[in-house]
Amino acid sequence: MIAASEVLANASRVVVFTGAGISQESGIATFRSPDGIWAKFKPEELANINAFMANPERVWEWYEYRRNVVEDAVPNPGHLAIVELEKIVDRVDVITQNVDGLHTRAGSSRVYELHGSLLKHRCLDCETPYEISGDEEGVPHCPKCGGLIRPGVVWFGEDLPEYEWERAVDATINCDLFLSIGTSTIVYPAAQLPFMAVREGKYVIEINPERTDFTRYADLYIEGKSGEVLPKFIEELRNAKK
Ligand code: OAD
Ligand code: ZN
């Protein structure tokens, strides 16, 4: 038994909060590992509006590269276990910092992408969504106003999408079990959520092969890769409910 069985038996509204670690086993690099994205590229050179304005082609190309990587990737047993969870409890809210769309592709029905998505684009000026055709050469322009098209991700210095953030806070306050999975828990405001869950008296489980700033606040820390831990965890939850 890896978790308190009465907590599992009584869990009905579950929040799953994820970071780059859940997609690591799908072959997508995390941000802060030694071979991670920020070891090779500096966020200030690529992931903010000034970088885009200074060199749109360069920033666009980098996001196109990452979009191609995630389009070639497939959901792993961790993503799939979270989908399975929907069959066991009343409600599952997936709150993710990931921009890879893999929770949705896996089949999770309620997903809030706090940092946007590599698969979405919009006009920098008029915000009209833009569908990538694949025939673009360089940065496309908005058919409506001629503005530059930007990736639909949240850059450093930008606010989180309001609707997603409100839903995330609401889900956190109203859950009875909160799982924090594969996140270093250092990028705010997203990282507030597990701490908020603790403050609200929720039972919080962290799953991560390494300890984080949050670990000592968790009710239970399960050390391991999410693709290995989650399928077992879901089985335990299923059994606890029998
Ligand atoms: P990080 O790269 O900061 O952290 C990834 C976490 O995943 C680490 O704690 C790893 O120990 C853990 N991990 C690695 N492999 C794992 C596995 N197989 N199973 C489970 N966990 C594993 O990524 P995030 O916490 O997602 O923001 O980073 C948060 C934000 O910082 C990102 O959304 C991005 C970045 O800058 C923006 O771009 C705005
Ligand atoms: Zn426009």
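Analyst: Start with a definition: domain bounds come from an automatic or database domain assignment. The model is predicted. Its assignment gives domain 1 (1-28 + 75-115 + 160-242) and domain 2 (29-72 + 118-153). Taken over C-alpha atoms, the centres of domain 1 and domain 2 are 27 Å apart.

User: How do you know which residues of domain 1 and domain 2 are in contact, and how many are there?

Analyst: Contact means heavy atoms within 4.5 Å. By that test, 14 residues of domain 1 are in contact with 13 residues of domain 2.

User: What makes the contact between Ser184 and ligand 1 a polar one?

Analyst: The cut-off for a pair of N or O atoms is 3.5 Å. A polar side-chain atom of Ser184 lies 2.6 Å from an oxygen atom of ligand 1, so the pair is a polar contact. His115 passes too: a polar atom of its side chain is 2.8 Å from a ligand 1 oxygen. For Glu25, a side-chain N or O atom lies 3.0 Å from a nitrogen atom of ligand 1. The protein covers 91% of the 800 Å² of accessible area that ligand 1 has on its own.

User: Which residues are closest to ligand 1, and how many surround it?

Analyst: A residue counts if one of its heavy atoms lies within 4 Å. That gives 22 residues around ligand 1, the closest being Gln24, Phe31, Arg32, Ser184 and Asn208. This shell divides into 7 nonpolar, 11 polar and 4 charged residues. Domain 1 and domain 2 each supply at least three of the shell residues.

User: Which pocket does ligand 1 take up?

Analyst: Ligand 1 takes the space of the largest pocket.

Methods: Residues numbered from 1 in each chain as written. Chains lettered and ligands numbered in written order. Predicted model: local features only at pLDDT ≥ 70, side-chain atom pairs only at ≥ 80, totals over all residues. Heavy atoms only, no water. Polar contact = N/O pair within 3.5 Å; in protein donor to acceptor, adjacent residues only side chain to side chain. Areas by Shrake-Rupley, 256 points an atom, 1.4 Å probe, with all protein chains shown as cover. 1 Å grid on protein atoms, 1.4 Å probe; cavity = no way out; pocket = protein on both sides within 12 Å on 5 of 7 lines; lining within 4 Å. Sits in = over half its atoms within 2 Å of the grid points. Nonpolar A, V, L, I, M, F, W, Y, C, P; charged D, E, K, R; others polar.
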